[in-house]
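Subject: Structure for you to look at

Hello,

Here is the structure I promised to pass on. Please open it alongside this note; what I found follows below.

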Amino acid sequence: MRLEDILYTQGFGTRRVCAGLVQQGWVTVNGAAVTDPGTDFDTDGLRFTVQGVDWEYHAQAYLMLHKPAGTECSQKPSTYPSIYTLLPSPLRLRPNKGAVQGVQAIGRLDQDTTGLLLLTDDGQFIHRMGSPRHHVPKVYEVTTRHAVDASQVARLVAGVVLDDDPKPVRAAACEQTGETRLSLTLTEGKYHQVKRMLAAVGNRVEALHRSRIGDLVLPPALAPGQWRWLSGDEVEALRAPRPRQVA
Ligand code: URA
């Protein structure tokens with residue numbers, strides 16, 4: 001692929017801007033500046049720098065972010081900074097079918113929830129991961145205001161009724177990990193689900209952290225606010241069909 005097209009697909013601006021970046025000597029490939037925007041490169045595993053910043057070519061972007069507290073999963077936040085400000089601008093400006101679209105969060109976490117958030121520019125992947133039929137388990141570490149008791153755990157697993165739907169929602173797993181701590185696994189993603197489930201059993205969420213999605217665990221080395229690319233294997237594991245949940 002031509003270098004200016006490579007930069008364009010990765011979100012570095014219009015084709016004209018990308019050609020200009022190359023002509024000005026701001027792009028290096030394999031350690032050397034390339035000044036002809038038409039130079040062809042094999043994109044497989046291609047690494048390059050733009051204005052001194054290292055970049056990797058990805059035909060589609062799949063990444064994980066350690067969402068910090070006090071951030072909103074919205075492009076147009078109302079009160080707190082958007083999570084999208086934590087990403088480098090090319091990830092926010094990647095074109096999709098000619099329009100600037102950038103990566104999108106797969107589902108949302110509340111502003112005060114921390115932990116693992118996935119983002120991608122692959123619309124089908126967002127659809128699949130969000131589909132209730134795909135049943136991707138998500139693990140939440142919950143800190144509660146009041147001491148947890150065994151009956152609360154039992155009710156969370158048996159199912160509780162929330163105010164917007166008579167059909168009970170249940171935790172796929174729930175383990176008490178401390179006097180005021182639970183590890184809760186959900187396969188759905190209703191609005192404020194963990195907080196509403198805990199309220200339904202007479203407790204209250206003080207802090208909420210998502211530690212896992214499917215087999216993907218938030219790496220301890222990824223500090224709040226940091227992101228990294230997902231590997232091909234990680235994406236395939238998330239895409240893989242899952243056994244149906246027992247009703
Ligand atoms: N459940 C909640 O209540 N909040 C979140 O952010 C995620 C799940």
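Which residue in E3 does Val27 stand opposite? Val27 faces Val50 there. Keep in mind that this is a predicted model.

The sheet around that pair

Strand E1 covers residues 27-29 and is joined to E3 by 3 bridges. The two strands run antiparallel. They belong to an open sheet of 4 strands, in the order E2-E1-E3-E4, with antiparallel pairing. E2 and E4 (53-56) are the edge strands, each pairing on one side only. Strands of a sheet pair through backbone hydrogen bonds.

Between strand E2 (32-33) and strand E3 (47-50) lies a loop that holds Thr43. Thr43 counts as buried because its relative accessibility is 18%, and the cut-off is under 20%. Setting aside residues up to four places away in sequence, Thr43 touches Met1, Ile6 and Tyr57.

Helices H1 and H2

H2 spans residues 15-23, and its buried residues are Cys18, Ala19, Leu21 and Val22. Down the helix axis, these buried residues fall within an arc of 155°, so they line one face of H2. Their cover includes H1, E1 and E3. Just after H2 comes Gly25, with a positive phi of about 80°.

H1 runs over residues 3-9 and contains Tyr8. Tyr8 is buried, at 17% relative accessibility. From Tyr8 to Cys18 is 10 residues in sequence, but 6.2 Å in space, C-alpha to C-alpha.

The cores

The largest nonpolar core has 50 residues. Leu7, Phe48, Leu119, Val142, Leu184, Val194 and Leu198 touch the most other members. H1 gives the most to this core, with 4 residues. A second, separate core has 15 residues, among them Leu118, Val136, Ile213 and Leu238.

Look at Leu7 in detail. Beyond its neighbours within four places in sequence, Leu7 is in contact with Phe12, Cys18, Leu21, Val22, Val27, Phe48 and Val50. Val27 and Val50 are the opposing pair from my opening question. Cys18, Leu21 and Val22 are among the buried residues of H2.

Salt bridges

How many salt bridges does the structure hold? There are 14. Three deserve a look.

- Asp122 and Arg239: the closest N and O atoms are 3.9 Å apart. This pair links distant parts of the chain, 117 residues apart. Asp122 sits in the loop between strand E9 (114-120) and helix H4 (123-130), and Arg239 in helix H7 (residues 232-239). Asp122 is buried at 7%, while Arg239 is partly exposed at 28%.
- Asp163 and Arg196: the closest N and O atoms are 2.9 Å apart. Here the partners are 33 residues apart, with Asp163 in the loop between strands E11 (160-162) and E12 (165-169) and Arg196 in helix H6 (residues 193-200). Asp163 is exposed at 72%; Arg196 is buried at 17%.
- Glu4 and Arg2: the closest N and O atoms are 2.9 Å apart. Glu4 is buried at 13%, and Arg2 is partly exposed at 36%. Shared partners join Arg2, Glu4, Asp5 and Arg15 into one network.

The whole chain

The protein chain has 247 residues, and 44% of them count as buried. Its secondary structure comes to 7 helices and 17 strands. The C-alpha trace spans about 70 × 35 × 30 Å along its principal axes. The accessible surface is about 12,900 Å², and 51% of that belongs to carbon and sulfur atoms.

Best wishes

Technical notes: Residues numbered from 1 in each chain as written. Predicted model: local features only at pLDDT ≥ 70, side-chain atom pairs only at ≥ 80, totals over all residues. Heavy atoms only, no water. Buried < 20%, exposed > 50% of the residue type's maximum accessible area, 1.4 Å probe, protein only. Contact = heavy atoms within 4.5 Å. Pairing = 2+ DSSP bridges. Arc of directions from axis to C-beta. Core = buried A, V, L, I, M, F, W, Y, C linked by side-chain atoms within 4.5 Å. Areas by Shrake-Rupley, 256 points an atom, 1.4 Å probe, with all protein chains shown as cover. Salt bridge = Lys/Arg side-chain N within 4 Å of Asp/Glu carboxyl O.
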